[in-house]
Amino acid sequence: MPDSDCALSPLAPAFYAQPTLDLARALLGKTLVRRTAEGVTAGIIVETEAYVAAIDPAAHAYRGQTPRNRSMFGPPGHAYVYRIYGMHVCLNVVTEPAGQAAAVLIRAVEPTCGRELMRARRGAGVPDRDLCRGPGRLCQAFAITLALDGASLHGPELWVAETLGGAPPAAAASPRIGISHAADWPWRFYVPGNRYVSGRPWK
DNA sequence: GCTACGATGACCT
DNA sequence: GGTCATCGTAGCA
């Protein structure tokens, strides 16, 4: 698919006004698009996780605002990007009105455009399946850095679009991955059976 | 200051 | 299946 077909229009701001759990489901099947000077990369979102600080001990902002989680308190439709384990970064979509800290972590996408650009960033031998399977890998493939923390998700560098010819996919829920608090809450959403989902797709 | 520990991934067996 | 790299945050003294 040529890059021109990947530059889909950003979703309307109203899309991000949904409650966080609804938005985490609604993001499945949408296309994440990233444009840099190198070119365009895009992929279909197949796995998300919801974090709502007001009630969620696993959320970064559960204990209040800090310099790191500041953008989680901002208006919806923006990015919250943070560093984890000292070496990876993760991308979240900020949800809920400003002042309420909540976000949806994008855990995996199915690459649709710019695979060779992704491979240049991720490593020459990396198979398509592993380009964006996992939050850290996805950010590396899309060149998402801390510089994008707080950036608008309405372009021109990063946005979410309707998927061309895409019927809404099936959605399944499961506990979230890699957390120790509220570990049994079914706030992870994924497309069942999709090869590009991280972790154990059936769990 | 000091320390413990991650919303992970790569690589090994 | 397991180990470990690697360092910014946050919490506490």
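A pocket, as I use the word here, is an open set of grid points where a probe fits, with protein on both sides within 12 Å along at least five of seven lines. With that in mind I went through this model, which is a predicted one.

**Entry 1, pockets.** I looked up the second largest pocket and found that about 170 Å³ of space lies in it. Its lining includes Arg83, His88, Gly136, Arg137 and Leu146, and by class the lining divides into six nonpolar, four polar and two charged residues. Strand 4 and helix 4 each supply at least two residues of this lining, and helix 4 gives the most, with four.

I then turned to the largest pocket, for which I noted a volume of about 590 Å³. I counted 26 lining residues, and those nearest the centre are Tyr82, Ile84, Ile177, Gly178 and Ile179. The elements that give two or more residues to this lining are strand 2 (39-52), strand 3, strand 4, strand 5 and helix 4. In this lining I found 14 nonpolar, eight polar and four charged residues.

For Tyr82, an N or O atom of the side chain is 2.7 Å from a base nitrogen of DNA strand B. For Tyr51, a polar side-chain atom lies 3.5 Å from a sugar or linking oxygen of DNA strand B. For Pro135, a polar backbone atom is 3.1 Å from a phosphate oxygen of DNA strand B. Two or more residues of the surface near the DNA come from each of strand 3 (79-84), strand 4 (88-94), strand 5 (102-113) and helix 4 (135-141), and helix 4 gives the most, with three residues. By class, I recorded ten nonpolar, eight polar and three charged residues on this surface.

In helix 2, which covers residues 115-122, I found Leu117, Met118, Arg119, Arg121 and Arg122 to be buried. These buried residues pack against strand 1 (31-36), strand 2, strand 5, helix 3 and helix 4. Just after helix 2, I noted that Gly123 takes a positive phi of about 140°.

Asp130 is found in helix 3, residues 128-131. I saw that its side chain makes a polar contact with the side chain of Arg133, at 2.4 Å, and that, leaving aside residues up to four places away in sequence, Asp130 touches Arg122 and Arg137.

Is Tyr85 buried or exposed? Tyr85 counts as exposed because its relative accessibility is 65%, and the cut-off for exposed is over 50%.

Glu96, in the loop between strand 4 and strand 5, is not a glycine either, and I noted its positive phi of about 65°. Lastly I looked at Pro156, which has its place in the loop between helix 4 and strand 6 (158-161); a cis peptide bond joins Gly155 and Pro156, with omega about 5°.

Conventions: Residues numbered from 1 in each chain as written. Chains lettered and ligands numbered in written order. Predicted model: local features only at pLDDT ≥ 70, side-chain atom pairs only at ≥ 80, totals over all residues. Heavy atoms only, no water. Polar contact = N/O pair within 3.5 Å; in protein donor to acceptor, adjacent residues only side chain to side chain. Nonpolar A, V, L, I, M, F, W, Y, C, P; charged D, E, K, R; others polar. Contact = heavy atoms within 4.5 Å. 1 Å grid on protein atoms, 1.4 Å probe; cavity = no way out; pocket = protein on both sides within 12 Å on 5 of 7 lines; lining within 4 Å. Points joined across faces, edges and corners; volume = space filled by probe spheres on them. Buried < 20%, exposed > 50% of the residue type's maximum accessible area, 1.4 Å probe, protein only.
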